[in-house]
Number of protein chains: 2
Amino acid sequence: MKSKKLTIKKIAELAGVSKATVSRVLNDYPHISDELREKVMRVVHETGYERNHVARMLASNRSNMIGLVIPSGAQFVFSDPYFPKLTEGISRAINQHGLTLALFLFHSPEEGIHTVKNIIANGLFDGVIITGDRKNDYILPIVLESDLRFVMIGRPEYGSEGNLNFIDVDNYIGGKIAVEYLLERGYRRIGVIGCSFNIAANDRVRGYEDVLRENGIPVDPNLMADGDFSMDSGAREMKKLLAHKPDAVFVITDTMALGALRTLREHDICVPDDIGIISFDDLPPAIQADPQLTTIRQPIHEQGQLAVETMLQLIDNPERPANQVELPVELIVRASTK
Amino acid sequence: MKSKKLTIKKIAELAGVSKATVSRVLNDYPHISDELREKVMRVVHETGYERNHVARMLASNRSNMIGLVIPSGAQFVFSDPYFPKLTEGISRAINQHGLTLALFLFHSPEEGIHTVKNIIANGLFDGVIITGDRKNDYILPIVLESDLRFVMIGRPEYGSEGNLNFIDVDNYIGGKIAVEYLLERGYRRIGVIGCSFNIAANDRVRGYEDVLRENGIPVDPNLMADGDFSMDSGAREMKKLLAHKPDAVFVITDTMALGALRTLREHDICVPDDIGIISFDDLPPAIQADPQLTTIRQPIHEQGQLAVETMLQLIDNPERPANQVELPVELIVRASTK
DNA sequence: CTGAAAGCGCTAACAC
DNA sequence: GTGTTAGCGCTTTCAG
């Protein structure tokens, strides 16, 4: 237990300079004589002095803390590996830039609203990264009212992009690629399991519809099911779809695809021979599945990285035009399609 | 965009009292006249004033921020649902107590050491929760040197508990229960897939060994495999075990059990008829598995909750005797045992 | 029970 | 280039 009480003042005394000089040295200011810089740094190293974050925050109005807001009900957060992976990517970037990451999970919309209002009010964070591409997002309106800096993971609803910063993924193209591949492999009665309340999911389904139309195949509502991102919903919706005998299904999430696979197994329907399955994400479960999933890979890690970098740019220059990115996706062929 | 610049000073003026009084009201001080209290609160509500966190921190030397340190390589963090669930539980408790949670993931030991040193140095956090029950923990020694408050999730190595605060789970008992159940169901050649570098895993395996001995069954090293918590290691170790023809295996983690199941499926070995599988955790994959896993449930959520509460007690009273808890576990029978 | 005033440790003008 | 001096917004003695 060392009870240090080193302040910038003490360092200044020891080095025989002013507090201001110490501060400048520590903040890498341009015009300082090498002599003083060295003198200060020596004392700093000898004493093991570290600046007090809080005092810096108060004086500089900058905390180097970024919040990660995950409004989705907490149940999603640990039932779908998407969020852990995203968090991991963000954390990596955060560490690289010497920031610290605060995590906000909500267990009810009320909690979310309350917490976000708090974040805004106490002005502790340099900015927040907001995940979730739900339609009717309840967080966004609150944040928009404030002057809290934020970047979104996933796009806002079409038409309301304004000059919001967001990092999205090419969900629409991904949907097209998936269905095009299915057609290419000879599948014809292609179903889809989507999720109506999610923007990304909608985009993927839109890709599905467009490809069918482009190929002169009618879009059959009977072949379109509506899940909720959970594995169970995948299983349930697949069951419904089965009644209409699809020969392939585009499940817009690996996790839901796992559920679909379960249903298929229960019905002794062979994948990929009796029915082809293609999904979206390429998370670990895609490989762990049996058969391994053909899927559209989205660069989750990169999304996190980019979100942090965008945040940093935003902090440096609040006036810069918004960063609106759509990261490319990639077809990964495995064993769930023939 | 409302550009509020409400300070305690302004509130004091509006309410016609001193800053100190406002501060006292806001901090629920005991002896204030109802009249003043009310006057202040009215102004606060009307204006929507919120205290500035940072200023409070500086003045009070308390941040209400708790760090969650997850030293395990980041790959574990998103390949095993354990951490997401733990994080979720902690987050819930954090929110309930009006704290904020900072998340620290490391991508290399160096990063971990550096970050932890930083946490200690800048004195920003009221305390940290440290997960991971690795033997030879590299974080612990650093933290012990400092006066940073911390509570561990998972126990430290035996003999070094001292007066450390930790929230563990009854891994040893869990191991015993698992193997006792296997014996009860008539299995006799029982193998185990453990993990040598993890304390919790060791405890579970110790339970395994002891039950066998207690029942006069020799502990056969050939039936003991060493995984690393990954699904792949489960698959790999099961393959090795197969050479020695176990009729049941206690896999000390759901995730590894999933891997084991994969191997078994590949070899057309039927679970639970040809071989019984029992695991530990009871995470979502346990239900998603085919067959669903008989497993020992550990209360991950509760662990998080307790860790936060312990932290809070520690902050209030640093001198209190250490809280060393072992939460009970529970047998959950499903379909992977006959 | 309430107010005045002194900091918490640092940064950021402003002078020199 | 470097030092001086105000604060940042709040809590917390210390009087009264």
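Me: How do you know which part gives the most to the surface near DNA strand C?
Reply: The element α4(A) gives the most to that surface, with five residues. The model is predicted: local features need pLDDT of at least 70, side-chain atom pairs count only at pLDDT 80 or more, and totals for chains, interfaces and linings use all residues. Residues are numbered from 1 along each chain as its sequence is written, with chains lettered from A and ligands numbered from 1 in the order in which they are written. Helices (H or I, at least four residues) and strands (E, at least two) are DSSP runs, numbered from the N terminus.

Me: What makes a residue count among those that surround DNA strand C?
Reply: A residue is near a strand if its C-beta atom, placed from the backbone, lies within 6 Å of it. On that basis 27 residues surround DNA strand C, and the closest are A:I8, A:S23, A:A59, B:H31 and B:S33. The elements that give two or more residues there include α1 (8–15) of chain A and α3 (34–47) of chain B.

Me: How do you know that the copies meet through the same surface?
Reply: Two residues are in contact if their C-beta atoms, placed from the backbone, lie within 7 Å. The contact takes 42 residues from chain B and 42 residues from chain A. The largest share of the side of chain B, six residues, comes from α6(B). Because 100% of the interface residues of chain B are also interface residues in chain A, the copies meet through the same surface.

Me: What makes β2 of chain A and β2(B) a pair?
Reply: Two strands pair if DSSP finds at least two bridges between them. Two bridges join these strands, which run antiparallel, and A:L101 has B:L103 as its bridge partner.

Me: Why is β1(B) called mostly covered?
Reply: A residue is buried if 20 or more other C-beta atoms lie within 10 Å of its own, exposed if 12 or fewer, and partly exposed in between. Six of the six residues of β1(B) are buried, so the strand, by that definition, is mostly covered.
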